[in-house]
Structure formats: structure tokens, C-alpha cells
Amino acid sequence: MNKRTITYAAIGVLVLVGIALGFQSARKAGFSNPEGAGSEARWNDLRVFYGAGRLAFKNTNIYTNPTSPEGRYYICPPFFAIVCAPLAALGWKAFFIFWFLASFAGLTATALLCIKIARPKAAKFELITLAGLALLLCARPAISDFLNGQVNSFIFLFIAGSLYLFVRKQDAASGIIMALAASIKLTALIFLPYFIFKGAYKSAAGMALGLIFTLFLLPMVAFGPSRTSNLYSSFYSKMVGPFASVTDAPEVYAAAGQSLRAAAGRYLTDTNAAHHADFEVKVNLVDLSEDALWKIVLAGCLALTIASALFARANPADASRRDLIALELGVVLLLMLMVSPMSRKAHFVALLLPFAAGVNYLLLHRGDPHRKRMFNCMLVAVLAAFAIFNLTSRDIVGKTVSVYLLALSVFFFATLALWLAFISTLARERPRNPNHRPPPPSV
């Protein structure tokens, strides 16, 4: 088959996958539920965002009152509720259709942007092929995002778009777009100190100004100062405060997710490590106090952050070594997933860029004898991460085995392994003296 045939076949497969995913997402979201269906009907998290949009301009506290018929609560900043309001006014089915089409198109665009970040000169066939491979490598998190009615695919489009502009030296625009991502989910705030650390002060300023507008000025105009203050007080009590303290955090925050905090809670305290299961799983090695656990988690997050900073020395303006800045941006995203208070399976759609960066590095330097050790390390990490993230689902290994694997925090350890491979590669790629030049990449 020629390249054009393969390209059309890939697009056809993408369309078929989109149709199948659309039907499955609609079923999980309760698309066909009759008007007025209550908590006995099937819903998912998308209904929470719809409800928040419906209640955004009513005299209702969207943080202390459920926004879903099932009794689920809205947990994003007020900005996203404002964004959802005009779409929610169109009705539930229109809201779902827009969300799915925007998220699916966003996920596809994100994969393409990630390849352009790592390999700016990729031709059309190469771009489509590598983007498809990146989507395949993190298929399970992406599918989980859609089936759970989440917005991570949409959020990561902003992150990828921001980083694409960042490596193209369009700093102010990069920061403003990153602010949109952080205004929906605060974990993207990690890029504000990163921009400052890299000396990208225009990016940092753009992000700071964008956050001031989306998080404060827009809500104050939309809701008024008094209601905005009340909403942020409830948001802090519900989300920020509990995540900042082990002793005050609800049990679900410690049991759910695949971040460092969740892994430490499972292995270092006597807690049920299973989530959404009708049986209990214990994997703890010791039973430490909550205060000791909190100190260990903070120390771990600090160590991961410092190590990431030590090797974040790639030059974003050096187009000849875009493979290195792609790896570095992958390190930041992997760090974000590990130090976040809670990273669920769907959050790992952020792996699109790390996988794109890892695959790009492998293709660039295959057969290079000077990089044989780094190549092997990267290859093992990428393949192991793919297997752990995708081949451990209940559809493949069964529900019981899948529950046990998640209880063992396999997502966290796969993320850690990928992070170690990336920083090891960045460390070895750094020149050891001013006159040292690494061998040119072999394409």
C-alpha cells in the first residue's frame, strides 16, 4: 500500500473508533434517559458539569449542593461553570453532543500537536502515523476519559496548544492558553513555576494575567463580588483544604487515583487499597500515622520536583534538538501526574506528549551506537508503560485482577519508570564540557 492509502485507512479507522466511542459515551452518560430521570438512572461526571452550567446563574451554591441527579458534586473552579452555562441552556442532549465532538476533535488535534512539538519537520504521512501511535499508546486513559464523561481531553488540548506555542517562542500567547487549562483543572498550574524557571517571563506573565481574568475578574463580573467570594470559600473548603491535609481528606482521596499520595497511603497505612470494588484489598507494609504519611508525601513530591528541575536544561529555542525539549516537557507532565493530590485513570490522557516524546527519541536515535544504553532504557520504559496503562484493564485481565493491580498503584509506578527514563536520557544528553558536542541524530 502507498502512503496515501495508509493515510486514508488511518482516517477511516479514526472515524469508526469515534463512532463506537460516541455510542459508548452516550450510553454511559445517560444520553437517552427521559426528562426528569432521577438518581435511579445511569449518569456520569458529564452530568455534573451540565448541572453546574444550569445552576451557574441561579442563587445556588454549586459546591454545597449536588449538580447531578445521582448526588455528585461539582469540583472545578467557577470559571468552567460559566463556560458550561450557555451550552447547558441548549439542553442535555445538545450539551452531550457538543462535549463529545469537541473532546474527540480536541484529542485528535492534541496528538498531532504533540508530534509537532517533538518533531517539527514531520511530513503529513509521518505526522498522522506517529499521532496514531501516540493515541494507541495511551488508549485506555483516553477511553476512560470519554466513558466517565470527563474533560481531560479538552483540557490537554489547551496544554498541548500552549506548549506548541512555547517551543515556537510565542511566549505570551502560550501563557494565556495555559491559563485556560489551569482555570478548569488546577493541576496545570505546575507550568507557571516551570515558565519562570526556564526564564520564559512573557509566558509566565501571560499565564498569570490569564488566571487573574478567568479565576477572579470574570466570576466577579458574572456573579458579583459577594457570590464569588462565597463560591470560592466553598471551593476551598471542598477541594483545596482537604487535599492540603491528610488528616482532613475524605477517605476516597487517599484510596482513589494513582498519584504518589495515593500510593503512599496504600503502602504505608492500614487502608482499603481497592476502589469501586465490592471487596477489600490491603497492600500496606506498615501502618504509619497520618502526620508521618503527610511528611513522607511532601518529601517525595519535593524530591521529584528538585530532580526534575536539575535536568530541565533543554533549550526550547533549539529546533535542532526538539527531541530534548519534548522529553523535558514530558518530564513536567509526568511530574504533574505523580505529585497531584489525586490522578485518576482518565487524567493520564496527559501521557500523549510523554509517549510522543519517547517514541520520537527512539525513532531518531535508533541504531546510534553512542546512545545504545539510552535507547534500550527508553524502549523498555515506553513498552512497559504501554503494557501497564493499557493491558491491565478489566476487559483484558478481568475485574478482580484489574482491581488488585490498581490497588498496587501500577499506574504510578509506570509513570515513575517513564519519568526516570526521561531524566536519565536528559542527564546523559547534557554536554559535559563547553567543547563537547553530541553526535548528530540519525533520522
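Ala, Val, Leu, Ile, Met, Phe, Trp, Tyr, Cys and Pro count here as nonpolar, Asp, Glu, Lys and Arg as charged, and the others, Gly among them, as polar. The model is predicted: local features need pLDDT of at least 70, side-chain atom pairs count only at pLDDT 80 or more, and totals for chains, interfaces and linings use all residues. Residues are numbered from 1 along each chain as its sequence is written, and side-chain values use heavy atoms, without hydrogens or water.

**View A. Lining of the second largest pocket.** By class, the lining has 19 nonpolar, 3 polar and no charged residues. Helix 1 (3-29) gives the most, with 6 residues. Helices are DSSP runs (H or I, at least four residues), numbered from the N terminus.

**View B. The Phe216 and Tyr232 pair.** Rings of Phe, Tyr and Trp (its six-membered ring) pair if their centres lie within 6.5 Å; planes under 30 degrees apart count as stacked, over 60 as edge-to-face and the rest as tilted. The count comes to 31 aromatic pairs. Phe216 and Tyr232 are stacked, 5.8 Å centre to centre with 25° between the planes. Phe216 lies in helix 10 (residues 201-223) and Tyr232 in helix 11 (residues 225-243), so the pair ties together parts 16 residues apart in sequence.

**View C. A ring cluster and a lysine.** Ring pairs link Phe31, Phe96, Trp99, Phe100, Phe104 and Phe146 into a cluster. Lys93 lies over the face of Phe31, 5.4 Å from the ring centre. A charge sits over a ring if NZ of Lys or CZ of Arg is within 6 Å of the ring centre and within 35 degrees of the ring normal.

Key
Helix = DSSP H or I, 4+ residues; strand = E, 2+ residues; numbered from the N terminus.
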